[in-house]
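Subject: Two-chain model, handover and findings

Hello,

Here is the model for you to look over. My notes come after it.

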Amino acid sequence: MVELFRNIINIISVAAVPLMFFVFVGWGIVRKVKVYEVFVEGAKDGFHVAIKIIPYLVAMLVAIGIFRASGAMDVVIAVLSPVSHLIGMPPETVPLAILRPLSGSGSMGLMTELMKVHGPDSFIGVLASTMYGSSETTFYVLAVYFGSVGIKNTRHALPAGIIADIFGMLGALFICRIFFGV
Amino acid sequence: MLNYVWMSLIVIGLLVGAGKDINDEVRNTYRNGIPIEATVRVEKTPTALRQTWEGDLVIPAEAFNRFYGITSSVSEIRQPVEMTTLSSGMTTISIPVDESSPEIWKEMARNSSSGNKLAGTVNSIKFSDDKSTAQVSLLLEKVNYVKLRAITKAALDYADTAVTISLGLIGVMALWLGVVKIAEEAGLLKVLTKLLTPVTSRLFPDVPADHPAVAAMIMNIAANMLGLNNAATPLGLKAMEELNKLNPKLGTATNAMCTFLVINTAGLTLIPATAIAIRAAQGSAEPGIIIGTSIFGAGCATVAGLISVKILERLPRYKKALLVDGHAPEPSNG
């Protein structure tokens with residue numbers, strides 16, 4: 001069942017991009033759109049958007065880089081250890097939960113490390129990969145998306161994003177404990 | 001809130017880093033200025049051509065742990081070394097540090113002038129009768145301000161990474177913006193939008209149902225679900241651009257933008273491809289076992305995010321930020 005679902009999704013994922021190109025361009029030709037000219041017209045903005053993101057992304061990544069390099073993560077983990085103990089989260093996975101919204105490459109490295117040490121099919125290995133798959137790099141998305149349109153006052157996006165991250169991690173812990181719990 | 005989080009990351013980072021460095025300085029964690037005793041098993045003695053002694057540096061685990069005041073070190077320390085006697089009569093030593101070296105030496109090497117070696121001077125050297133071993137007393141290169149150095153390096157490295165990431169987006173951005181523009185001109189986006197109006201009008205009540213932003217958001221969410229990261233970001237940025245056309249107060253996020261962002265940060269995807277690939281690479285018997293659990297986890301995140309975004313947008317402090325010159329803006333017609 002899982003295998004079938006996976007295969008179907010895999011086929012869709014592989015075919016989606018070529019199919020989209022085909023349908024979009026094909027539809028354009030049918031509707032007598034000057035496809036080449038229109039494509040170039042749209043593509044022109046790609047450069048501006050990418051350049052506009054730079055200052056926002058520099059600000060965000062540098063702050064995260066300083067935080068990680070200082071070893072402040074250990075302090076945060078120590079502060080949170082009573083909470084993680086209470087909800088039954090293995091202490092090894094706490095750094096991953098904190099790093100997940102901050103750094104995509106960092107949390108990927110941490111997940112790999114946990115699987116290397118504990119084995120990918122151990123409870124910690126399954127939980128770590130579920131946690132990784134249960135959320136996005138919130139701070140990165142925030143910087144890139146808002147940066148591209150010059151949004152400086154992000155209002156309630158960050159608190160809501162962090163609440164979503166917390167529930168994502170709790171949901172991952174909950175479901176893994178039910179299905180793979182020890 | 002972003003201001004405070006951003007500031008906290010930096011201030012906490014700097015304070016913790018400085019605190020650790022002061023702690024290292026006070027406790028002399030790296031034993032600066034204190035000579036360590038070791039034995040060198042000599043393998044090559046100097047010849048007319050080569051001025052160096054080569055061999056293995058050996059320190060018993062117990063002596064090593066006692067010297068650094070640690071408990072976690074592995075068995076006996078055994079490292080290849082090179083000793084050179086300079087014309088001034090001083091003997092220097094160089095210890096290349098590799099994966100098998102003790103943790104504390106690896107950290108010291110990272111902060112040394114060479115980056116991967118421990119350098120030092122030999123205070124005294126006493127050969128055994130057959131010259132096969134030597135008792136040495138070494139003074140290693142001074143190591144200090146480890147964390148502050150690491151912070152400086154991280155700040156510069158990450159600034160570089162940010163630019164690399166942004167510039168890397170140019171090509172794929174241009175590609176998708178071009179393709180989407182064709183779909184827009186051909187009227188395809190309107191069809192897509194109409195199909196999902198019942199959902200989108202509830203999620204984004206401020207956005208007119210037939211606005212191009214809706215189509216871009218739908219395509220972004222679909223790409224995210226399928227794990228097409230390369231397509232999702234350009235489509236998402238296109239959606240932000242369209243949403244910004246409805247923004248009465250440029251520079252401030254609208255309700256629709258925040259809702260859209262939260263859906264993205266929750267990261268609901270049908271196949272968590274990265275995690276599965278790494279599981280497989282780590283030799284998992286069932287790499288795909290996390291598909292169901294990840295969908296559940298990300299589902300929790302999405303639902304919690306949507307509920308909180310809808311509640312938070314009603315709070316006075318977030319409502320106030322939307323006012324233009326103290327007045328509620330005219331409802332926009334797109």
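Predicted model: local features only at pLDDT ≥ 70, side-chain atom pairs only at ≥ 80, totals over all residues.

Residues are numbered from 1 along each chain as its sequence is written, chains are lettered from A and ligands numbered from 1 in the order written, and side-chain values use heavy atoms, without hydrogens and water.

**The interface**

Chain B puts 104 residues into the contact and chain A puts in 99 (contact: heavy atoms within 4.5 Å). The buried area is about 8500 Å², with 78% of it from carbon and sulfur atoms. Buried area here is the accessible area (1.4 Å probe) that the two parts lose on being put together, summed over both. B:Leu9, B:Tyr158 and B:Ile182 supply 8% of what chain B buries against chain A, more than any other three residues.

There are two salt bridges between the chains (a Lys or Arg side-chain nitrogen within 4 Å of an Asp or Glu carboxyl oxygen). One of them joins B:Arg279 to A:Asp121, with the closest N and O atoms 3.0 Å apart. Polar contacts link 20 residue pairs, both at pLDDT 80 or more. A polar contact is a pair of N or O atoms within 3.5 Å; within protein, one must be able to donate a hydrogen and the other to accept it, and residues adjacent in sequence count only if both atoms are side-chain atoms. Helix 4 (residues 146-185) of chain B gives the largest share of its side, 26 residues. Helices are DSSP runs (H or I, at least four residues), numbered from the N terminus.

**A:Arg155**

A:Arg155 is in the loop between helix 8 (138-148) and helix 9 (157-180) of chain A. It counts as buried because its relative accessibility is 3% (buried: under 20% relative accessible area, 1.4 Å probe, protein chains only). Its side chain makes a polar contact with the side chain of B:Asn255 (3.0 Å). The backbone oxygen of B:Tyr318 lies 2.8 Å from a polar atom of the A:Arg155 side chain. Its other contacts in chain B include B:Glu313 and B:Lys319.

**Helix 8 of chain A**

Ten of the eleven residues of helix 8 of chain A are buried, so the helix is largely enclosed by the rest of the structure. Its cover includes helix 3 (45-69) and helix 9 of chain A, plus helix 1 (2-27) and helix 7 (212-225) of chain B, among others. Just after helix 8, A:Gly150 takes a positive phi of about 70°.

Best wishes

Notes:
Helix = DSSP H or I, 4+ residues; strand = E, 2+ residues; numbered from the N terminus. Buried < 20%, exposed > 50% of the residue type's maximum accessible area, 1.4 Å probe, protein only. Lists of a residue's contacts leave out its neighbours within four places in sequence.
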